[in-house]
Each structure stands twice: as C-alpha cells, then as structure tokens.
Amino acid sequence: MDRIPLAVPNIGSREAELLDDAIKSGFVSSVGQYVSEFESRFAAYVGAKHAVACSSGTAALHIAMRLAGIRPGDVVAVSDFTFMASSNAASYQFADLLLVDSDEASWCMDVPLLRAELERRRAAGERLPKAIEIVHILGQPADAHAARELADEFGMVLIEDAAEALGATWTSGPLAGRHVGTVGHFGAYSFNGNKIMTTGGGGMLVTDDEDLARRAKHLSTQARMPDRGYLHDEVGFNYRLTNLAAALGVAQLERLDEFVQTKRRIAHRYSEAFSGTALEVPPDLQETASTYWLYSVKVPGTDGTEARDALQDHLAHAGIESRALWRPLHMQPPLRDEERLGGSVSEELFRRGLSLPCSTDLRDSDQDRVIESVLDWCAKRALSG
Ligand SMILES: *Cc1c(COP(=O)(O)O)cnc(C)c1O
C-alpha cells in the first residue's frame with residue numbers, strides 16, 4: 001500500500017522547460033529576466049501595484065518590519081495562532097510582541113479583541129503597537145478590513161502574512177474581489193516547498209507604494225547604490241531570489257489557479273464526507289474564499305492532545321501522513337514573556353487540530369482511502385464512548 005504524504009510540491013514539464021531556459025541563459029543567480037518577470041506577473045495576479053521577490057517569506061516579512069520602522073522595544077501585535085516565522089520577523093527587529101488570540105469562526109486574529117485592548121490603552125495613556133501583523137491562516141482570509149480600519153485609526157502599519165493563503169480572496173463585502181495580501185501596507189507570501197506554489201524556497205513582498213517598493217528592493221540587495229565602486233547607504237540584506245528560482249515561480253504561477261481549484265475540490269470532498277461526524281471542519285465563511293492550503297479538522301475531545309494523537313496514529317498505521325496544527329506563539333519558549341490577549345482559541349486549535357493529505361496531485365482514490373480511515377476511527381471511537 002502506497003504511503004499518502006501530507007502535501008508535496010507539484011512540479012511539471014513547464015517548470016523544467018523554464019528552468020532549463022534560465023540555465024541556458026547563463027543567468028542563474030540574482031541577475032536575469034525571470035526575477036522581474038516573476039515580480040510583474042505576481043503583482044498582476046494578486047492585484048498589487050508592486051512586488052519584490054525575496055529569498056523567503058520570512059525575509060519578505062522582515063523587510064516589511066524594517067520599512068514599517070519597527071525598532072527595538074516597539075510593540076507589534078501578531079496573531080497568536082501561526083507558524084513562528086510570523087513573529088520571528090518582528091523579533092529580528094527586537095520588537096515586543098502583543099499576541100492576539102484567534103476567533104472561533106475564522107481561526108484568524110480576533111480583531112475586535114485587539115481593538116478593545118487598544119482603546120483601553122489609549123484611554124489609559126499606555127504604549128500602543130506600531131504595527132499589526134495579521135495572518136491568513138491555512139488558506140483562510142483574516143478580517144483584513146477591520147484590521148485596516150484599526151490600523152488607520154491608530155496610525156499603525158498593517159502587514160499581512162499571506163504566506164499560507166496565496167490565491168485566497170474576498171467574495172463579498174467591502175473587500176469583494178480582492179486578494180489576501182493587498183489590503184495592508186504590505187503583504188508577504190512564501191514559496192517554500194510545502195506552500196501552494198513553490199520555487200524551492202522564496203517569497204514575495206507586495207505594496208501599492210512605489211517608494212516603499214523601491215526601498216524594499218534596495219534593502220533586499222545589500223543596500224548597494226548604483227555606483228562604480230561598492231557604495232552602500234545603509235545596512236542591507238542578501239534577501240534576493242535567484243533567477244533559477246524565479247523561473248520556477250513563473251511556471252508555477254501559470255498553474256496557480258489550477259492548484260487553488262484542486263485544493264478547494266479536495267476540501268469540499270473532505271468536508272462533505274465528515275459532515276455526519278463529530279469532527280469540526282475548517283471555516284467556510286460567507287465573505288471569503290479560502291484556498292484550504294492545508295485541510296485541517298478539529299478532533300473532538302477536550303482533554304489535551306490524546307484524541308488528535310490517536311487519530312494521527314490510526315492514520316499512520318494505514319500509511320497516511322497527517323500533522324498537528326501550529327503551537328500558539330505564547331507557548332513557544334522564546335516568547336513566553338510576551339504580552340498576550342486571550343489564547344484559549346489558539347490553544348484549542350493546537351490541541352485538537354490535525355491536517356490531512358491535500359497535495360494538488362492527490363488522487364481521488366487516495367483521498368477516499370484517507371476518508372475511509374478517518375470515518376473508521378470516528379466509528380470506533382463512538383463505540384468506545
Ligand atoms: C511558511 C510561512 C512563513 C514563512 O515562509 P518561508 O518562505 O518558509 O520563510 C511565514 N508565515 C507563515 C504563516 C507561514 O506558514
């Protein structure tokens with residue numbers, strides 16, 4: 001019986017063709033046509049004015065933090081339920097974090113919870129965050145509209161971590177038709193191997209501000225000035241994407257719509273199959289179209305991680321890979337002393353959440369095997385009470 005992996009890259013002949021072209025051009029590193037082509041096509045895809053290719057999603061987020069002017073001791077409000085790269089970008093700037101719990105409906109930042117705290121702080125004359133970083137988690141858009149209103153009212157920079165949600169949109173309401181990553185001052189995406197499209201490793205920063213885009217490019221290329229000698233006007237970073245990676249990116253971007261459709265189809269099949277069970281399926285909200293990047297369920301049971309672990313073991317026996325959801329930031333040892341708002345929703349997502357196989361080349365017959373195995377476990381558990 002074949003092992004069914006959680007999520008693997010989908011690299012085809014078009015990727016090989018463009019990669020080969022990049023190799024033959026002789027421009028394999030940071031100079032070459034594919035970098036700028038990837039940037040302009042990406043910007044057009046998500047509907048942003050400018051895009052700057054980076055060596056990773058984390059690098060893109062870090063540049064956003066730099067350009068947001070985050071300095072040691074500044075406060076950055078970050079979603080508590082996320083992969084640690086989200087907060088690392090702020091930590092690199094020695095920011096103090098304000099970790100904000102998720103709401104039950106979207107699994108993303110509870111923006112009203114943050115608003116109430118900011119209003120309290122403003123009234124009490126206490127320190128306010130300089131930036132908000134929302135995270136569109138597992139393909140699900142966060143409430144970027146409310147976050148943008150809050151950011152504008154309090155004079156904060158809004159950074160969208162869209163690393164997990166490229167292709168997700170709003171379908172109605174004030175952001176109808178918009179892509180995640182284009183509502184804040186900055187949006188960051190990742191092309192790591194497990195993301196919806198990949199360049200092996202890489203990221204993208206988008207913004208509508210021409211000056212910020214120019215400065216982002218500058219910072220990502222060691223802040224080197226166009227000068228005959230080596231002149232650097234500030235301390236920059238080597239955060240460029242290579243031409244080889246960008247060639248992969250151009251090819252993957254051509255297939256992105258197909259990947260998004262496939263992810264949605266997989267999610268739909270799972271959610272239908274699990275509708276009669278005690279499993280909680282991922283958010284399916286009125287105003288948003290999630291990409292279901294990693295299809296994840298909440299396993300019933302309130303007592304620690306036993307139920308989640310039991311289902312994971314059951315699947316592993318059947319040759320099916322699954323994975324626990326993110327451990328909330330407030331439970332990460334280096335962030336233990338950071339301030340936080342709530343945390344019970346994110347803890348519950350961690351204790352009960354399990355991601356199921358959802359590669360874009362997952363065969364229906366393999367998905368049926370996963371479904372059968374999950375249903376089998378649910379039935380046994382119901383019997384054992
Ligand atoms: C993957 C990911 C990142 C970082 O992307 P890299 O390209 O791996 O650096 C950031 N935030 C979230 C939420 C992610 O899942």
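**Close-up views of a predicted protein–ligand model**

View 1. An N or O atom in the side chain of Glu164 sits 2.6 Å from an oxygen atom of the ligand. The protein buries 93% of the 380 Å² that the ligand exposes when taken alone (accessible areas come from the Shrake-Rupley method with a 1.4 Å probe; for residues, only the protein chains shown count as cover). Thr58 brings a polar side-chain atom to 2.5 Å from an oxygen atom of the ligand, and a backbone N or O atom of Gly57 is 2.8 Å from a ligand oxygen atom. A polar contact here is a pair of N or O atoms within 3.5 Å; within protein, one must be able to donate a hydrogen and the other to accept it, and residues adjacent in sequence count only if both atoms are side-chain atoms.

Before you move on, a note on the model: it is predicted, so local features need pLDDT of at least 70 and side-chain atom pairs count only at pLDDT 80 or more, while totals for chains, interfaces and linings use all residues. Residues are numbered from 1 along each chain as its sequence is written, and side-chain values use heavy atoms, with hydrogens and water left out.

**View 2. The shell around the ligand.** Which residues are the closest to the ligand? They are Thr58, Asp161, Glu164, Ser190 and Lys195, out of 15 that surround it (near means that a heavy atom of the residue lies within 4 Å). The shell divides into 4 nonpolar, 8 polar and 3 charged residues; Ala, Val, Leu, Ile, Met, Phe, Trp, Tyr, Cys and Pro count as nonpolar, Asp, Glu, Lys and Arg as charged, and the others, Gly among them, as polar.

**View 3. Two loop residues with positive phi.** Most residues other than glycine have a negative phi. Phe94, in the loop between helix 4 and strand 3 (96-100), has a positive phi near 60°. Leu138, in the loop between strand 4 (131-135) and helix 6 (144-154), also has a positive phi near 60°. Helices (H or I, at least four residues) and strands (E, at least two) are DSSP runs, numbered from the N terminus. Are these two side by side in burial, or buried and exposed? Phe94 is exposed at 60% relative accessibility, whereas Leu138 is buried at 5% (buried is under 20% relative accessible area, exposed over 50%, partly exposed in between, with a 1.4 Å probe and protein chains only).
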